[in-house]
Amino acid sequence: MRRAAIERLLPAAYQRAAGPGSVLGALLDVMESLHAPDEAVLADVDALFAPYRTPDGFVAYLTRWVAMDHVVAAPRADAPLPLPVGRLRDLVAHGALLARWRGTPYGMRTALELATGVTGFVLEEPADRPFHVVVRVPPAAADRLALVTRIVEAEKPAAVTVEVTTDPAPRPDADPTDPAEPEPPAADTADPAAPPADTADPAPPPADAADPAPPAPGADEPEGTATGVAAVPAVGRARVPSPAPRDQPSEEPS
């Protein structure tokens with residue numbers, strides 16, 4: 001707040017006494033300098049609540065606003081954060097989305113991917129164990145099991161038990177081009193006891209054994225007698241009707 005603005009708030013007698021070189025004028029100059037830092041913060045106050053503009057020391061505080069404070073294990077200001085600040089900013093930015101999908105497989109998987117920066121989490125529900133979820137952690141996030149366990153415990157439904165396991169890392173000497181299953185045996189290794197397949201084309205039937213052509217319909221034939229193959233009219237593509245609304249009665253006769 002500028003000195004002139006502060007001076008206008010004073011009574012008229014004080015305003016006349018706050019001239020240049022007066023004691024009151026010096027006090028107003030000091031008040032202006034004391035207000036300057038606070039006014040600079042208020043001029044850009046929206047930056048404090050923007051996930052990607054707020055200072056690093058304020059990010060952990062914003063996680064409580066979006067109900068993601070369970071990620072920060074130690075809420076003390078001097079305690080180190082369990083994950084990089086950039087990951088916390090991502091969690092704060094997606095706080096509304098995570099709150100809307102909390103308690104679902106999509107919500108849990110999204111929270112794990114945002115917090116660890118690793119994809120490939122698999123959620124399984126064994127058929128023989130109802131209300132139980134198995135979370136398989138990819139090898140890239142195996143060193144952050146404590147963080148993964150905290151997120152899983154907070155994102156799962158209250159009536160569901162959970163188990164966190166890690167998938168084994170692939171061997172460095174394994175060849176990814178090796179087939180998972182053995183190739184089938186070649187044709188020359190077939191069973192010798194099996195009878196040989198007849199690959200020759202069958203001989204065409206004799207000309208006199210061909211089907212006789214249907215006789216032309218004559219006037220002397222009785223009505224209704226079949227004369228060869230009946231001609232069937234071509235039918236176009238069938239049209240599937242849309243289901244009728246439930247509140248309308250069926251048009252079929254009873």
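Biologist: How many of the six residues of β2 are buried?

Modeller: The model is predicted, so local features need pLDDT of at least 70, side-chain atom pairs count only at pLDDT 80 or more, and totals for chains, interfaces and linings use all residues. Numbering starts from 1 along each chain as its sequence is written, and side-chain values use heavy atoms, leaving out hydrogens and water. Buried means under 20% relative accessible area, exposed over 50%, and partly exposed in between (1.4 Å probe, protein chains only). β2 is largely enclosed by the rest of the structure, because its buried residues number five of the six.

Biologist: What pattern does the chain follow, read along the sequence?

Modeller: Helices (H or I, at least four residues) and strands (E, at least two) are DSSP runs, numbered from the N terminus. The chain has eight helices and three strands. Read along the sequence, the pattern is α-α-α-α-α-α-α-β-β-α-β.

Biologist: What share of the chain counts as buried?

Modeller: The chain exposes about 19,200 Å² (Shrake-Rupley method, 1.4 Å probe; for residues, only the protein chains shown count as cover). Carbon and sulfur atoms supply 60% of that area. Of the 254 residues, the buried share is 20%.

Biologist: Is Val135 buried or exposed?

Modeller: Val135 lies in β2, which spans residues 132–137. Its relative accessibility is 0%, so Val135 counts as buried.

Biologist: Which residues does Val135 touch, not counting those up to four places away in sequence?

Modeller: A contact means heavy atoms within 4.5 Å. Val135 touches Met108, Leu112, Val122, Leu123 and Val152, among others. The list also includes Val162, Glu163, Val164 and Thr165.

Biologist: How far apart in space are Val135 and Thr166, C-alpha to C-alpha?

Modeller: In sequence, Val135 and Thr166 are 31 residues apart. In space, their C-alpha to C-alpha distance is 8.2 Å.

Biologist: What share of the contacts with a separation of 6 or more joins residues 24 or more positions apart?

Modeller: The count covers contacts in the chain with a separation of 6 or more. Residues 24 or more positions apart account for 50%.

Biologist: How many bridges join β2 to β3?

Modeller: Two strands pair if DSSP finds at least two bridges between them. β3 covers residues 161–166 and runs parallel to β2. The number of bridges joining them is six.

Biologist: Through which helix does the chain cross from β2 to β3?

Modeller: This β-α-β crossover is right-handed: with the strands pointing away from the viewer, the path from the first strand over the helix to the second runs clockwise. The helix spans residues 145–155. Its name is α8.

Biologist: Which residue of β3 is the bridge partner of Val134?

Modeller: Val133 stands opposite Val162 in β3. For Val134, the bridge partner in β3 is Glu163.

Biologist: Which residue of β2 is the bridge partner of Glu124?

Modeller: β1 (residues 122–124) pairs with β2 in the antiparallel sense, over three bridges. In β2, the bridge partner of Glu124 is Val134.

Biologist: How many residues apart in sequence are the parts that Glu32 and Arg2 tie together?

Modeller: A salt bridge is a side-chain nitrogen of Lys or Arg within 4 Å of a carboxyl oxygen of Asp or Glu, and the structure holds seven. Glu32 forms one with Arg2, with their closest N and O atoms 3.2 Å apart. Glu32 lies in helix α3 (residues 23–43) and Arg2 in the segment before α1 (3–8), so the separation of the parts, in residues, is 30.

Biologist: Which residues are linked with Asp46 in a network of salt bridges?

Modeller: Asp46 is partly exposed at 44% relative accessible area. Its closest N and O atoms in the salt bridge with Arg53 are 3.4 Å apart. The network links Asp46 with Asp44 and Arg53.

Biologist: Which residues make the nonpolar surface patch of about 530 Å²?

Modeller: Patches are made of residues with over 30% relative accessible area and no salt bridge; like charges are joined within 9 Å, nonpolar side chains (Val, Leu, Ile, Met, Phe, Trp, Tyr) within 5 Å. One member, Tyr61, is found in helix α4 (residues 56–65). Tyr61 counts as partly exposed because its relative accessibility is 37%. The patch is made by Leu42, Val45, Phe49, Tyr61 and Trp65.
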